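Reader: Could you show me the structure, please? I would like to ask about its aromatic rings.

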Amino acid sequence: VPTAIPGISDMCQQAKIPFVIFDQIPRDEEQKAYLSKNPYYVGSVGIDNTTSAANIAKIAAEKYKTALIIGGAVGDIVHDARFAGFRQAFEKAGGTILGEAHCSDPSEATAKGEDLLAAHPEAECIYALTGDFATGMITALGNKKLEIPIFASDIVAASLEDINSGKIEVGQGGCSIATSMAAVLLQNYLDGHSIKTPEGQAPYFGNIVLFEVRAKDTADYKKYFVDGNPFTEDQIKSLSYRYNEKVDYSTYMDFIKNYSIDMLNEAHK
């Protein structure tokens, strides 16, 4: 969580231990500046949640004019960004958000989803901020005997069947690549080749955008993100100084820009 970042940074600096941050990366400019002063801070790798949510909102708004949103508690920096990104883009496209529910964890999704549906049974679509919230919402829809399409970011393994059946109209995936990229940043540091921005700072890769997962993509998504690894060995090596002495900040930026299911299919040939 954001409040823990300064303390973690201080502890790692005292212990002379390098560290990276992934997924729940800092969004506050003051925190970024604080981290940049720590020589043991190796970088951050995370998702552009606002853009990712806005992208799926634009897809939803092509067919539907009213929506419900369900996700995590206020204060979760990932979910706050997704709530805001979807709302802004959906409303900009002429849609209306009828209601939203914030849950302390996905186990509340069914009960709070039922409350949302009771208040707004006329809603035309639903945005679930993760696959776990989509699962709870699907149960709520069944309990209310309603059929409303769901759009979901950060899908889980169970979401693939729901995409195939049409309960989830469009999903988004790719979050887990941040974990591996952060690990390779650490490896580069330990190999004596820290990745730095052109200004000489630890990199902040907060620009990974989730990609669409539709029924045609579920088999490949299962292959790479559920049963296997989203990176090939050659892709990992391309980001590692141990195998690629030319690796630098631009290597990572290009990799992020081009990452997709199609890129993985090509890489696995």
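Author: What follows concerns ring pairs and charges placed over rings. This is a predicted model, in which local features need pLDDT of at least 70 and side-chain atom pairs count only at pLDDT 80 or more, while totals for chains, interfaces and linings use all residues. Residues are numbered from 1 along each chain as its sequence is written, and side-chain values use heavy atoms, with hydrogens and water left out.

Reader: How many aromatic pairs does the structure hold?

Author: It holds 13 aromatic pairs. Rings of Phe, Tyr and Trp (its six-membered ring) pair if their centres lie within 6.5 Å; planes under 30 degrees apart count as stacked, over 60 as edge-to-face and the rest as tilted.

Reader: Why is the pair of Phe86 and Tyr127 stacked?

Author: The pair is stacked because the planes are at 10°, with the ring centres 4.3 Å apart. Phe86 lies in helix H4 (residues 77-92) and Tyr127 in strand S5 (residues 125-128), 41 residues apart. Helices (H or I, at least four residues) and strands (E, at least two) are DSSP runs, numbered from the N terminus.

Reader: Are Phe86 and Tyr127 buried or exposed?

Author: Both are buried, that is, under 20% relative accessible area with a 1.4 Å probe, protein chains only.

Reader: Which rings form a cluster?

Author: Ring pairs join Phe211, Tyr221, Phe225, Phe231, Phe255 and Tyr259 into a cluster.

Reader: Now to charges. Where does the charged end of Lys32 sit?

Author: It sits over the ring of Tyr204, 4.0 Å from the centre of that ring. The criterion is NZ of Lys or CZ of Arg within 6 Å of the ring centre and within 35 degrees of the ring normal.

Methods: Buried < 20%, exposed > 50% of the residue type's maximum accessible area, 1.4 Å probe, protein only.
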